[in-house]
Amino acid sequence: MKKQMAATYGVIGLGRFGTALAMTLAKAGKEVIVIDKIESKVREMRQYTDYAFIVDELTESALRETGIQNCDVVIVCIGEKVDVSILTTMSILGMGVPRVISKAISQEQGAVLRRLGAEVVYPEQDMALRLGKQLISGNFLDYISLDNSVEIRQIQVPDSFAGHSVEEMKLRPKFGLNIIALKSDHETTIEVSPSYRFKRDDVITVIGKIDNIDKFEKEL
């Protein structure tokens, strides 16, 4: 496969995570190479991409035959088999792929993959954290973790906010939080005036330290 100006992607491993990722990329019009050893999974993906390959052994030579070394980003989605995950990640990095992302199921596995030079994702852990936050806070909607201490979090404001202005609620001086977006009446704005008065069912997106956001949510 010839490299195009648009980014090209490789997905190795068609479990639930890999399949969902590959389908999302392909449906968005991205050029995707997918690899798995199970024929039925590969055959299913051929309705989304012309570059779906059955590879029994993930050796470097077998991977090169698929053209995956030409991708801009390769995601290794075989976290359950730790040895295969690590060796495949090493092979892809050795091919000079600019960005390699590997799925991990434990912190120890992630530490090894990170030392090799890959970015690491923890799908199960992330889903558990998201569910936990939803259960703990009735106002929590979604979040993005920027590092271990800072998050962007989407929160539905309580009815008690209705009629009060952004300035009156003192999110910045009291909690150290900044509102970076506001959704009201199905419209989203990133220019939120201090004089804006909240309405019922408004949704705010805030950025700040995790402890401060948690403290704010407890007081809602």
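Student: How many aromatic pairs does a search of the whole structure find?
Tutor: The search finds 4 aromatic pairs, counting Phe, Tyr and Trp rings (six-membered ring for Trp) with centres within 6.5 Å. This is a predicted model, where local features need pLDDT of at least 70 and side-chain atom pairs pLDDT 80 or more, while totals for chains, interfaces and linings use all residues. Residues are numbered from 1 along each chain as its sequence is written, and side-chain values use heavy atoms, without hydrogens or water.

Student: What geometry do Phe161 and Phe198 have?
Tutor: Phe161 and Phe198 are tilted, at 5.3 Å centre to centre with 55 degrees between the planes. Under 30 degrees would be stacked, over 60 edge-to-face.

Student: Which parts does that pair tie together?
Tutor: Phe161 sits in the loop between β8 (150–156) and α7 (166–169), and Phe198 in the loop between β10 (187–189) and β11 (203–209), so the pair links parts 37 residues apart in sequence. Elements are DSSP runs numbered from the N terminus: helices H or I of at least four residues, strands E of at least two.

Student: Switching to the open sheet, what's the strand order?
Tutor: The 6 strands run β3-β2-β1-β4-β5-β6, with parallel pairing; a pair needs at least two DSSP bridges. At the edges are β3 (51–54) and β6 (119–121), each pairing on one side only.

Student: And how many degrees does the twist average?
Tutor: The twist averages 15 degrees from one strand to the next, using N-to-C axes fitted to C-alpha atoms (helices: over the stretch in contact) and angles from 0 to 180 degrees.

Student: How many bridges join β4 to β5?
Tutor: There are 4 between β4 (residues 73–76) and β5 (residues 99–103), which run parallel. Ile75 stands opposite Ile101 in β5.

Student: Which strands does helix α1 touch?
Tutor: Helix α1 (residues 16–27) packs on the sheet and touches β1 (8–12), β2 (31–36), β4, β5 and β6, with contact meaning heavy atoms within 4.5 Å. The direction of α1 makes about 160 degrees with that of β1.
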